[in-house]
Amino acid sequence: MEIDKTVADKYLKTYMEEDQAGSAELIAFPKSTEEVQDFMKEAKQAGKKVVTVGSQTGLTSATYPQDNAWLISLEKMDKILGLDDKTLTLNVQAGVTLAQFREFLAETPYFYAPDPGNKNASIGGTAATNAGGMRAISYGVTRDNIRGFDVVLANGEKLHAGSLNKKDATAYDLKDLFIGTEGTLGIMTEFQLKILPRPAFEKSIIMGFPSLDGVANAIYEVVKSPVQPVALELLEESGIRYSEEFINKKMPEVKGEAFLLTTVAENSADGLDFQVQAIEQLGQLAGAVEVRELSETEAVAMWEIRDNILNGITNRGDWKMYDPVVPNHEFTNLVVEGKRLGEIYNVQTGFFGHAGDGNIHICVLRDDQNDQEWADTKKAYENDLFPYVAEKGGLLSAEHGVGLEKKEYLHYFKDESYMQVLKSIKQALDPDNMLNPGKVFSLD
């Protein structure tokens with residue numbers, strides 16, 4: 001196992017680009033679960049804290065190293081171990097990225113359903129945050145598409161969580177316990193992923209509305225209808241503009257100020273036609289000024305614009321993103337509130353998100369504020385945003401996690417009894433608080 005005692009700068013900050021570099025004594029690059037076990041045993045003996053690093057695409061500073069911790073990067077655990085078409089299972093190491101999945105499965109009749117925007121994310125990272133993505137409305141989030149995995153505990157022991165069986169009422173479900181814990185309970189190393197047969201037919205449709213009110217009505221009508229969209233995404237003018245500038249492409253001409261982009265898929269042409277016609281009718285009833293079926297070329301371009309909204313925002317300058325989730329009927333109300341707060345605090349905002357499951361991505365963008373003004377603006381925005389989300393029955397994070405960036409707001413959403421159970425689980429599995437300490441919540 002390669003161990004480097006000179007830690008490269010890129011591991012001392014995260015995608016969030018913190019003000020100061022973190023501190024780490026060394027970084028290890030294991031290539032197997034056994035090497036992860038050996039590393040954890042050495043860390044325990046040395047009394048060191050351990051932070052697990054993947055592709056560093058996270059948005060909450062969850063992999064930011066502190067207090068001269070030991071880092072363990074899973075980026076060299078990047079092997080696709082095999083596809084079992086008897087159980088429709090893809091076996092991979094934790095460092096394999098979504099882009100690798102796509103390339104590998106492109107030559108097969110199968111696909112992996114979760115579709116987070118950043119295709120450089122690794123399976124270990126998406127499991128650590130329980131990432132959702134654009135197809136969650138139909139296929140569920142990451143945990144719904146993992147059959148099982150090997151996980152290394154703080155003491156170096158390995159266990160396997162989950163199984164290839166479709167049902168399991170055999171004792172506690174440890175699979176779902178570890179997923180979404182941001183590296184605080186164990187290090188997931190090898191996964192058995194659920195894959196699905198690729199639908200025979202697919203069609204994307206874009207609906208343009210004069211305002212967010214029509215979008216709200218369309219979301220409600222689609223979600224409660226028999227239609228089963230694969231994806232249902234909100235596209236708002238500012239987000240589209242940033243993406244178009246970044247990739248130097250224009251979206252197809254569609255009337256409207258706010259848009260819903262949806263994809264439907266079926267195994268029969270008749271079934272696809274039914275879905276498309278139903279979507280079009282629902283959009284028109286909700287007040288769409290234009291409903292347009294996209295050609296295959298247009299659909300590829302349109303989804304490329306959707307995929308690059310965050311890249312466009314990032315390219316523009318300093319930014320901060322929030323990923324709250326609310327019940328579906330509150331989705332556009334949250335967008336309106338986010339815009340209102342942007343006007344109050346004189347900050348530009350951008351919005352995009354998963355309309356089908358109530359998850360909106362809210363971005364605030366820095367203009368000419370100095371460092372202190374920018375910090376104060378973000379804090380004021382958050383102090384108003386998160387109580388509003390809680391009041392509407394929403395949650396702090398839908399798919400990015402809590403990390404360091406949001407932990408101070410967790411109390412709006414989880415009461416003391418809930419937090420005590422979380423702390424008890426952490427103390428039972430990691431009594432020395434070795435794994436990613438201080439992330440998500442503090443034990444004190």
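**View 1. One cavity in a predicted model.** Searching the whole structure turns up one cavity of 30 Å³ or more. A cavity here is a set of points on a 1 Å grid over the protein atoms alone where a 1.4 Å probe fits but cannot get out. The largest cavity holds about 30 Å³ of space, a volume being the space filled by probe spheres set on the points, joined across faces, edges and corners. This is a predicted model, where local features need pLDDT of at least 70 and side-chain atom pairs count only at pLDDT 80 or more, while totals for chains, interfaces and linings use all residues. Residues are numbered from 1 along each chain as its sequence is written, and side-chain values use heavy atoms, leaving out hydrogens and water.

**View 2. The lining of the largest cavity.** Look for L59, K320, M321, Y322, E382, F386, E405 and K406, lining residues having an atom within 4 Å of a point. Strand 16 (319-322) and helix 12 (371-391) each give two or more residues; helices (H or I, at least four residues) and strands (E, at least two) are DSSP runs, numbered from the N terminus. Strand 16 gives the largest share, three residues.

View 3. The order is 15-12-14-13-17-18-16, with antiparallel pairing; two strands pair if DSSP finds at least two bridges between them. At the edges, strand 15 (290-293) and strand 16 each pair on one side only.

**View 4. Strands 12 and 14.** Nine bridges join strand 12 (residues 201-209) to strand 14 (residues 258-266), and the two run antiparallel. You can find I205 opposite T262 in strand 14.

Definitions and conventions
1 Å grid on protein atoms, 1.4 Å probe; cavity = no way out; pocket = protein on both sides within 12 Å on 5 of 7 lines; lining within 4 Å.
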